Amino acid sequence: MGLGWIVNQQCRRWTTSRVCGATFLCCMCFILFTPTIPRSPKHHQFGDMRNLLGVPNTLNVMTNFPFLVVGILGLVLALEGGVFNISSQGEVWIWALFYAGIAGVAFGSAYYHLKPDDHRVLWDTLPMMVAFSSLFSSLVVERFGQRIGLCCLFALIVAAFLCVVYERLVNFPFSNSYLFVLEAYTPSEGAEVVKFYAEFCLLVGCRIYNDIRFCVIFQLTLPLAIPVIALMYRSKYTHSRYWFMSTGIYLLAKFEGVTDKKLYYVNNYIISGHSMEHLCLALIPVSLSVMLIYRELKFQRIVDVKDRP
């Protein structure tokens, strides 16, 4: 049995290495061999644009309220420690950051939907990426250990900020007037160098400005990696099925978002697919909260069974 366990672990490590390698290779090919993908203006044109009670895009704004409720309640319960079954302090902070990200989605998404444009979408995207990073890291803690999970969290949070910076903040407005100011406050002998540097930054910035490829990879890879890891590796907790349930809810929500206008037409213009996507996504932290309440450490259950007369 010991030899079989060792062989099984080696096979899992080999399979994990191949999956990670293939995923990294696909991401690199996607970045290197595909053109930049700018955020289309159609991204901000939703099916339901109604203005009710003086609130622009009313339902798209109001359907973010469940994120706020679930996020704040989950944050309080995670830090309080008496309701959720969390076995380590590292997990407490990871889950707290997850629920804080969910609450941030409420504010960021509502702010974006009040006036959808390329500048406000940043505040809708970043909290969601933080929540994804925390959720994935919590799964890593369950399967691989607290140290690996915390390192993963740090790396993913940094990657999330870099993805947003790459899309929106790298391109500075190097206009002719700005170049004039640079030259005016620079010694004459260095003016040409500064001008060359500014023109180079302008050239590079125009090429990478408004490119959502890294954000797309980030938001697609983590949700798909969660069920793969949950399937390949055993958890130290019970009730692991909620990870797969949450993945199913996420896929359903993405389907509702893609079919925004069609669902709006099908239900006789009552609620759009995008508003339904908000409500559906809010069920993910709800289902995970149920998991945290009812799950138990597996080795504790084994000890309890052995202690029975």
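In the predicted model, the axes of helices α5 and α9 come within 10 Å of each other and cross at roughly 25°. Since angles under 35 degrees count as roughly parallel, α5 and α9 are therefore roughly parallel to each other, and α5 passes α9 in a left-handed crossing. On the side of α5, the contact involves T125, M128, M129, F132, S133, L135, F136, L139, R143 and F144, which meet C215, F218, Q219, L222, P223, A225, I226, I229 and A230 in α9. The residues of this contact between α5 and α9 divide into 15 nonpolar, three polar and one charged.

The contact is made by F67, L68, V70, G71, I72, G74, L75, A78 and L79 of α3, together with V92, W93, W95, A96, Y99, I102, A103, V105, A106 and F107 of α4. Of the residues in the contact of α3 with α4, 17 are nonpolar and two are polar, while none is charged.

Helices α10 and α12 provide a further pair, with axes that come within 7 Å and cross at roughly 165°. This crossing angle makes α10 roughly antiparallel to α12, and α10 passes α12 in a left-handed crossing. In α10, I249, Y250, L252, A253, K254, E256 and G257 meet G273, H274, M276, E277, C280 and L281 of α12. The contact of α10 with α12 comprises seven nonpolar, three polar and three charged residues.

The largest pocket of the model has a volume of about 1200 Å³. This pocket is lined by 44 residues, of which H43, Q219, K254, H274 and E277 are the closest to its centre. At least two residues of the pocket lining are supplied by each of α4, α5 (121-144), α9 (213-232), α10 (241-258), α11 (260-266), α12 (273-281) and α13 (283-294). By residue class, the lining of the largest pocket divides into 23 nonpolar, 13 polar and eight charged residues.

How values were computed:
Residues are numbered from 1 along each chain as its sequence is written. This is a predicted model: local features need pLDDT of at least 70, side-chain atom pairs count only at pLDDT 80 or more; totals for chains, interfaces and linings use all residues. Side-chain values use heavy atoms; hydrogens and water are left out. Contact means heavy atoms within 4.5 Å. Helices (H or I, at least four residues) and strands (E, at least two) are DSSP runs, numbered from the N terminus. Ala, Val, Leu, Ile, Met, Phe, Trp, Tyr, Cys and Pro count as nonpolar, Asp, Glu, Lys and Arg as charged, and the others, Gly among them, as polar. On a 1 Å grid over the protein atoms alone, a cavity is a set of points where a 1.4 Å probe fits but cannot get out, and a pocket is an open set with protein on both sides within 12 Å along at least five of seven lines; lining residues have an atom within 4 Å of a point. Grid points are joined across faces, edges and corners, and a volume is the space filled by probe spheres set on the points. Axes are lines fitted to C-alpha atoms, for helices over the stretch in contact, and angles run from 0 to 180 degrees between N-to-C directions. Angles under 35 degrees count as roughly parallel, over 145 as roughly antiparallel, 65 to 115 as roughly perpendicular and the rest as oblique. A crossing is left-handed if the near helix is turned anticlockwise from the far one by less than a right angle, and right-handed if clockwise.
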